[in-house]
Amino acid sequence: MEAFAPAHAALASLSGEAGAFACGTDGRALFCEREDEPFPSASVIKLPLVMTLYADATRGLLDLDERVAVGDRVDGSGVLRHMRDVERLSLRDLAMLAIIVSDNTATNRLIERIGLERVGERMREWGCPQSRLSRKMYDFEAAKRGNENVMTARETASLLLRLQRGECGDRPTSDAVLAVLEQCQDRTMLLRYLPYGANVPHKTGTLDESRNDAAIIPGERPVVVAAFTRKVRDTEAAVSWLGVLGWCAYRAAGNPGDPLPPELTRTA
């Protein structure tokens, strides 16, 4: 699609590998790049985790008001590792922390409460057989055994489409998850070149050699986009490419917007 030509051009100079998929709400593909290859998910894997939490709560399998101990803190993103006086939180607040600041400690408590197998069941039920949550955050021993969290761009986009269509349990449940995703504070990737006031449900993820993001770009014709990178030598170039992709999706959704920054128009 012509609207995504700048993203295609910018991809040529990316120092690493990328997988991406963008589509309209009808599922029609607008941009494809290794869309069916599993990539390291980083914190984007928190998307199906939180979807499973809310969908199971709707079925009465658990209560979002249930409070659990914060437990062992882990490093990486988040705030709970710095808050020693916080002892217990509701599952609802843990989910918010897992999305809004990508809190790894909160994520681990959710994984323990829900279970890796349950998330896997949900992902298979939702048509995502290649994407999998295999371990907790900062579980390096599991990583050494080859238990990695991976997702494909097409399957990740399908999860967002499910939310957009109200098919995560029901419409109110889907809207509740979207409301959480709208609070994600990391605007450095797909949202990088969007107007600051743009209200975008999304979830980012970072690893040493990966920068990832998945979003529902609003507009007259909303666009769902998921993008992953790996083996990236220049992370600034990776987030710039994600920004160009998000800018293209924003235009494809029917929004007016500022042009790309001058330093990008030469390469994009």
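Predicted model: local features only at pLDDT ≥ 70, side-chain atom pairs only at ≥ 80, totals over all residues.
Residues are numbered from 1 along each chain as its sequence is written. Local features need pLDDT of at least 70 and side-chain atom pairs count only at pLDDT 80 or more, while totals for chains, interfaces and linings use all residues, and side-chain values use heavy atoms, with hydrogens and water left out.

An open sheet is formed by 5 strands in the order 2-1-9-8-7, with antiparallel pairing; strands (E, at least two residues) and helices (H or I, at least four) are DSSP runs numbered from the N terminus, and two strands pair if DSSP finds at least two bridges between them. Because strand 2 (29–33) and strand 7 (202–207) each have a single partner strand, they stand at the edges, and one side of each is left without a neighbour in the sheet. The twist averages 5° from one strand to the next, angles running from 0 to 180 degrees between N-to-C directions of axes, which are lines fitted to C-alpha atoms, for helices over the stretch in contact. Strand 7 pairs with strand 8 (residues 210–217) in the antiparallel sense over 6 bridges, and Leu-207 has Ser-210 of strand 8 as its bridge partner. Helix 7 (residues 153–164) packs on the sheet, where it touches strand 1 (17–24), strand 8 and strand 9 (223–230), and its direction makes about 150° with that of strand 9; contact means heavy atoms within 4.5 Å.

Elsewhere, helix 2 (residues 46–58) packs against helix 5 (residues 116–125) at an angle of about 90°, with the axes 10 Å apart. Helix 2 is therefore roughly perpendicular to helix 5 (65 to 115 degrees). Among the residues making the contact are Leu-49 and Ala-55 of helix 2 and Val-119 and Met-123 of helix 5.

Definitions and conventions. Parallel < 35°, antiparallel > 145°, perpendicular 65-115°, else oblique.
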